[in-house]
Amino acid sequence: MGEENELSYFKNGLAIGAGLGIVSGVLSTLWFQRNRTLDADFVLENIKDAFLKEGPIEGSWIEFEKKPLRKFAIHSKTYNGGISRIEDGSLVQYAFVADAQTGTVIDVTRL
């Protein structure tokens, strides 16, 4: 009877340990997915591709430091950058703000 009792404790401990491992794995995956950000170079390449559809660009830049942005009740981390191109024979510059988690362009301003 002693061996059955020890085996029962082992099975219960194994089940609890496996359950805790699965729960912690799911929670850490969800946390990571919510807090991950895209690489600044990747965001810049996507924005350059969008600008290239309208014509050639002369140059581009992006800040690698993420900056907090609050617009009304929305809080996000953003990248700031810029694109320059020739329009009507003169150099025109655009500044953009892109969401660091999704890469979505939040704002574009012609300078």
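Leaving aside neighbours within four places in sequence, Ser76 is in contact with Lys67, Pro68, Leu69, Asp99 and Ile106, where contact means heavy atoms within 4.5 Å. Ser76 belongs to strand β3, residues 74-87, and counts as buried because its relative accessibility is 17%. Buried means under 20% relative accessible area, exposed means over 50%, and partly exposed lies in between (1.4 Å probe, protein chains only). The model is predicted, so local features need pLDDT of at least 70 and side-chain atom pairs count only at pLDDT 80 or more, while totals for chains, interfaces and linings use all residues. Residues are numbered from 1 along each chain as its sequence is written, and side-chain values use heavy atoms, with hydrogens and water left out.

**Overall architecture**

- The protein has two helices and five strands; helices (H or I, at least four residues) and strands (E, at least two) are DSSP runs, numbered from the N terminus.
- Read from the N terminus on, the order of the elements is α-α-β-β-β-β-β.
- The radius of gyration of the protein is 25 Å, whereas a compact globule of 111 residues would have a value near 13 Å. This radius is taken over C-alpha atoms, and the globule rule is 2.2 Å times the number of residues to the power 0.38.
- Along its principal axes, the C-alpha trace spans about 95 × 30 × 20 Å.
- Of the 111 residues in the protein, 24% are buried.
- Among contacts between residues at least 6 apart in sequence, 36% join residues at least 24 apart.

**Helix α2 and its buried face**

- Helix α2 has 13 residues and reaches 18 Å from its first C-alpha to its last, close to the 18 Å expected at 1.5 Å a residue. The expected span is 1.5 Å times one less than the number of residues in the helix.
- The buried residues of α2 are Ala40, Val43, Leu44, Ile47, Lys48 and Phe51.
- Seen down the axis of α2, these buried residues fall within an arc of 135 degrees, and therefore they line one face of the helix. The arc is that of the directions from the helix axis to the C-beta atoms.
- The cover over the buried residues of α2 includes β1 (59-62), β3, β4 and β5 (105-110).
- Asn46 also has its place in helix α2, but Asn46 counts as partly exposed because its relative accessibility is 37%.
- Asn46 and Phe96 are 50 residues apart along the chain, and their C-alpha atoms are separated by 12 Å.

**The aromatic pair**

- A pair of aromatic rings is described by the distance of the centres and the angle of the planes.
- Rings of Phe, Tyr and Trp (its six-membered ring) pair if their centres lie within 6.5 Å; planes under 30 degrees apart count as stacked, over 60 as edge-to-face and the rest as tilted.
- By this rule the count comes to one aromatic pair.
- Phe51 and Tyr94 form this tilted pair, with 5.4 Å from centre to centre and 55 degrees between the planes.
- The pair links distant parts of the chain, as Phe51 lies in helix α2 (residues 40-52) and Tyr94 in strand β4 (residues 90-99), 43 residues apart.
- Phe51 counts as buried because its relative accessibility is 13%, and Tyr94 counts as buried because its value is 14%.

**Strand pairing and hairpins**

- Two strands pair if DSSP finds at least two bridges between them.
- Strands β3 and β4 run antiparallel and are joined by ten bridges. Gly82 has Ala95 in β4 as its bridge partner.
- A hairpin is formed by β3 and β4, with two residues between them.
- Strands β4 and β5 also run antiparallel, and five bridges join them. Tyr94 stands opposite Arg110 in β5.
- β4 and β5 form a hairpin with five residues between them, and Gly103 in the turn has a positive phi of about 85 degrees.

**Loop residues with positive phi**

- Phe72 has a phi near 60 degrees, a positive value in a residue other than glycine.
- Phe72 is placed in the loop between β2 (67-71) and β3, and Phe72 counts as exposed because its relative accessibility is 77%.
- Asp88 likewise has a positive phi, near 55 degrees, in a residue other than glycine.
- The loop between β3 and β4 holds Asp88, which counts as exposed because its relative accessibility is 85%.
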